Amino acid sequence: MGEGFSFTRKLLFFCVCVAKVTVGHVRYSIPEEMATASIVGNIVQDLGLDVKRLKSGRARIFTEDGSEYIGLNLDKGTLIVNKRIDREERCGLVSPCSLHFQVILDNPMELHRVDVEILDINDNAPVFPKREMNFEISELAVKGARFSLDSARDQDVGLNSLQTYKLSPTDHFKLNMLSRPDGTKYAEMVLQTVLDRENQEEHKLTLTAYDGGDPPKSGSVKIKVIVMDANDNAPVFSQSLYRVTVPENASRGTVILKVSATDADKGTNGELVYSFSQNSDITSSKFNMDSHTGEITVGGELNYEKVKHFEIDVGATDKGGLTDTSKVLIEVTDVNDNAPVISIISLSNSIPEDSAPDTVIAMLNIKDLDSGKNGQVKCFISSDLPFKIKSTTSNFYSLVSDDDLDRETVPAYNITITAMDEGSPPHSTNKTIHLRISDINDHAPIFPQPVLNAFIPENNSPGMSLLSVKASDQDSGNNARISYFLEDSQLNGMSASAYFSVNAESGEILAVRSFDYEQTKDFRIQVKAQDGGSPPLSSNVTVKILIQDQNDNPPQVLYPVQTGGSLVAEMVPRSADVGYLVTKVVAVDVDSGQNAWLSYKLQKATDRALFEVGSQNGEIRTIRQVTDKDAVKQRLTVIVEDNGQPSRSATVVVNVAVADSFPEVLSEFTDFTHDKEYNDNLTFYLVLALAVVSFLFITCVVVIISVKIYRWRRERLIYKSHGNLPVIPYYPPLYADVGGTGTLKQAFSYEVYGTTDSRKSDMNYPRPFSQCTLSVDHSATRTVPRNKTESENILTEQKPPNNDWRFTQGQRPGPSGATGGPEVAMGTGPWPQPPTEAEQLQALMAAANEVSEATATLGPGTMGLSTRYSPQFTLQHVPDYRQNVYIPGSTATLTSNPQQQQATAQQAAQQALPPPQASAQPEPPKAAQTPASKKKSTKKEKK
C-alpha cells in the first residue's frame, strides 16, 4: 500500500457465544501513513457476515479510548482509514503498535474484537538532541579513556530505528558501539592516542547516526574536544549500575537514591559535580539530582500505567574535567490509584414485561488502568433486582434479566452497576441505568362489583340516564383504554338494544324507550368492558334495572258495574236498621305500594244523612233508620282515590232503591231511565247542531271575504285604467202596442258611459238597435245571436206583440207630464209623438245619476249586466218582463196580469202631474251596476 510498501495481512478469527452474545476476533496489519478511506480489510468476509446484517444490526465501532482512526463502511462491509495514522505519535517506541476496537451489532447482540497492527515505515531520520557536543579532556587522559556521547533518537522502530554510528576523523578517537537492555544502541568515544595540548589544543569531530531503512536515513552532530591541562585521577562511581524502585504515588521531593563517586585527587581536582547525562526530556521532568550530594529526587508525577521504568545516566566530574558515568534503573511500582471505568456499549431503554430470562439489556465495558490485583475488577448489582451481570470476554459484561417481570408491580427499575477492583484499599465506580418495563395486555378490565343495581321511574323519557358503569384495567396505554358494549340478549322477546344503549366511552347506560311498571318490573342486562389491547381482553357485569312505580293509573271500579244500556240498583227495605249493608264498592289499582292504597268517599248523595261509605273497605251502609219519607230513588256518587302523589281517583254512581217490593222499584226507575236517555239524546243533537252552524258560518265568512277581495281587485284594475273603460250600454226591452196597431215601429236604446270621474262621463242619444240587442220572445228559449246590419240607420222591425202585452191608456209611453187623450183612454189610436230632444236629455241624465243604484234594485226578475254579458247567457235566464217593466221617461208600469193592468190604469188616471218646475224628474229604469258606477256611488255615499 502507501509509498510502495508491501505488507502481509494476517487474519485470526474465532467465535465465542456466551449469554446470547456472539463474539469474534479478527486481526489486520497496515502500514502507517495510509491515505484516508484506504481499505483496511473486508470484515464481512472475514467474520462470515453479510451487508444486510450490518445494516439491520446497526453495526458500529467502539474504542475504549474514543479514537476514530478506523471507520466502517456499511454499504461494502469494509474497514477503512478515517484519518492519517502516525505510528510514532500513537505508540512512540512501543512495538508492536496496534489499534484495538470492537464491532458491535444489535438484534441479536454481537461483539467482534478487531486488532489492527500499525507497521512502521522509515519516515523519521535519527536526530541528536544537541547540535554540538563539547568535551574538555585532560591531556593526561590515558589511552582507552571513554567518553559518553549523546545518543541519537529515531522515532521509528525495528529495522527503521537507529542501527549504527560513525565517527570521523579517527586520529585520536575511535567509536565503541554498545546496546542497552531494551535493545537501543548508543556510542562511546574512546581515546586511542594520547592527547598533547601543546600539539593540538582543540579537536573537531563529526558523529553520524544511521538507521536500517531502505534507503537508510542519517543524522549528524559536531563534537568539539578541548584538551585540558593534566588531572591524572578521574572520579570513580561506587557502582556501575544502580537499581531502585519507587511507588507511582511518590510525592515530589521524595529522595529515591543517592549515588556516590570518589576521586583520588585532592583539592579542587577532588571536588566532584554530579549530573544527569544523556537524559531525555521525560527523565529530566520526572526526576531531579543534587549536583553536590548526588541525591536523586522525584520531580514530577509518576504514572505506572504510562511509564513503568526509567533508565538514567549519571556522571561525576571533578574540577580537572575528569568524569565517570554510571547507570541508574528506576522501577515504578503500581499502586491502586485508578478506579474502574464503566462504559455502556449498547443499551435497551425498555423491554416488554413478558421478556424471557437471560434477555440482554445492556453490554458493558469495564476497565481498570491499574495492574495486578489493582486492575482486577468485580462487577455486581443489587441482589434484590431481577437482573444479573454476566461476563462475556475480558473486560466485557452483559446485563441480563434473571426473573419474570411484571409492569403492574414495578413499572421501571433503576439498576445501579458497581465495579470494584481488588486493590487495597479498593476503588469502586457506580453506573445507574434506568430501565422501563413496557406493558403487554395481560390484564382484563375488572368491575368493582359483579352485579349492579339501577333504578328508573316508569314513564321515563327516552334517552334518560340510568347508571354509569366503570371498569379498571391495570395495564397502561391502549391496553388500558376501555370501551363498553351492551351484550346482545333477549328481553321480553326483543333484543336488549331495543330497550337500552351504552355509551362506549363513558359506560353510561341510557334508556331507549319509556317503561311501564305494570308490564315489566325489572330487566337484567350484561355490559361488556373491553380494552384496546391486541388481542383485546374483556369482562362482563350484570346490571339489574328495577322499574319504579309511578302513580299513572287511576283506580278501576269492578263493582258496581257501570253499563250504558241498563240500570243497576241496590234495594234497601224500609225496615232496614242503622248500619244496614247496602252494597260494597269494589275497586282495584294496577299500581303498587302506596299508589295502590285506595280510600272511598261519598261525594254526592240524594240524602247524605241516610248513607255513609267506609273509607277503607268501600262498604255503603245506612247511618239512620229508613223512614217512609225517604225517597225511593237514591243516587250516591262514590269517589275512589289512591294514595299517590298526586293522587288519582275514579267515581262510581250507585243507585239505591228504598222500597219493599220490586214493582214499586221498577216503575220508579223506568222513568228515570227514560229521562236519562232523553237527556243524552238531546245533548247529542245540540252538539251536532252547534257544529253544523259553526261550519256554515265559517264557510259564509270565507265566501264573503273571497267575493270582496275579487271585487276590490276588479275595481283597482278599472280605476287604474282611468278613462279607458269599455262602453257599458243599457238596452231597454222592446215593447209591443197593446192595441195591436203596430205603431211602435222601432226600438231605441240609450248608451251611457260612466267612469269614476263624472267629468269624463258621456252619453249617446237614442239610435236604433244594432248589436247586442235582446229580442223578447217568451214563446221560445234560445241563445240570442248578435244582429249584424249593413247600416246603423236601418231600423229593426218590431215583432207582433203578444195579446198579453197590451198597454192601457195610462201606460202608453209618452212625454213626461203628458195626459192621455180619448184614444189613450179607449186603448186605441197611434203612439204619442216621440219626446223632444230636451226631454230625452233630461231622461238620460237622470238615468246616468241613478245608474249606480240599478244593480241593487234588480230582483230575480230583473236582468243585470253580468247576466247580459255572460258568455253562457241564454233566454232561459231572461227575466219575465211582464212582471215588472219600466219605460224610460214614463211613469207607466207594465204587467201581465189583467187585473193588475186595470188597477194600474185607474191609479194613473187619478194622478195629477205636478207643474214642470215643481215636479221631480221621472226616474229612469235602473241599469245594471258596473264597477265604474259602483265606485262612483261609493264616493257619493262617503261624501
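**Salt bridges and their surroundings**

Modeller: Lys 327 and Asp 313 are both buried. Buried means under 20% relative accessible area, exposed means over 50%, and partly exposed lies in between (1.4 Å probe, protein chains only). This is a predicted model: local features need pLDDT of at least 70, side-chain atom pairs count only at pLDDT 80 or more, and totals for chains, interfaces and linings use all residues. Residues are numbered from 1 along each chain as its sequence is written, and side-chain values use heavy atoms, with hydrogens and water left out.

The side chains of Lys 327 and Asp 313 form a salt bridge, at 2.3 Å from N to O. The pair links distant parts of the chain, 14 residues apart: Lys 327 sits in strand β24 (residues 323-333) and Asp 313 in strand β23 (residues 309-318). A salt bridge here is a side-chain nitrogen of Lys or Arg within 4 Å of a carboxyl oxygen of Asp or Glu. Helices (H or I, at least four residues) and strands (E, at least two) are DSSP runs, numbered from the N terminus. Side chains of opposite charge can pair when their charged atoms come close.

Next comes another such pair. Lys 390 and Asp 358 meet through their side chains in a salt bridge of 3.5 Å, N to O. This pair also links distant parts of the chain: Lys 390 is in strand β29 (residues 387-393), Asp 358 is in the loop between β26 (350-352) and β27 (360-367), and 32 residues separate them. Lys 390 has 23% relative accessibility, so it counts as partly exposed. Asp 358 counts as partly exposed because its relative accessibility is 26%.

Arg 407 and Glu 408 form a salt bridge too, at 3.4 Å from N to O. Arg 407 is buried, and Glu 408 is buried as well. Elsewhere, a network of salt bridges links Arg 27, Arg 113, Asp 115 and Glu 117. The structure holds 24 salt bridges.

The chain has 11 helices and 54 strands. Of its 943 residues, 39% are buried. Contact means heavy atoms within 4.5 Å. Among contacts with a separation of 6 or more, 66% join residues 24 or more positions apart.

Two residues show what such surroundings look like. Glu 188 belongs to strand β13 (residues 185-191). Its relative accessibility is 8%, so Glu 188 counts as buried. Setting aside neighbours within four places in sequence, Glu 188 is in contact with Arg 146, Phe 147, Ser 148, Leu 149, Lys 174, Leu 175, Asn 176 and Leu 178. Ile 61 lies in strand β4 (residues 60-62). At 26% relative accessibility, Ile 61 counts as partly exposed. Ile 61 and Ile 104 are 43 residues apart in sequence, yet 6.3 Å apart in space, C-alpha to C-alpha.

The strands deserve a look as well. Strands of a sheet pair through backbone hydrogen bonds, either parallel or antiparallel. Two strands count as paired if DSSP finds at least two bridges between them. Strand β14 (residues 202-211) is mostly covered, with seven of its 10 residues buried. Strand β11 (residues 162-168) pairs with β14 in the antiparallel sense over six bridges. There, Lys 166 stands opposite Thr 208 in β14. β14 also pairs with strand β15 (residues 218-228), antiparallel, over nine bridges. Thr 206 faces Lys 222 in β15. A hairpin of six residues joins β14 to β15.

Another sheet is open and has three strands, ordered β18-β22-β21, with antiparallel pairing. Its edge strands, each pairing on one side only, are β18 (255-258) and β21 (287-289). Three bridges join β21 to strand β22 (residues 295-298), and the two run antiparallel. Asn 288 stands opposite Thr 297 in β22.

Last, the surface. The chain exposes about 52300 Å², and carbon and sulfur atoms supply 51% of that area. Accessible areas come from the Shrake-Rupley method with a 1.4 Å probe; for residues, only the protein chains shown count as cover. Tyr 685 sits in helix α5 (residues 662-720). With 55% relative accessibility, Tyr 685 counts as exposed.
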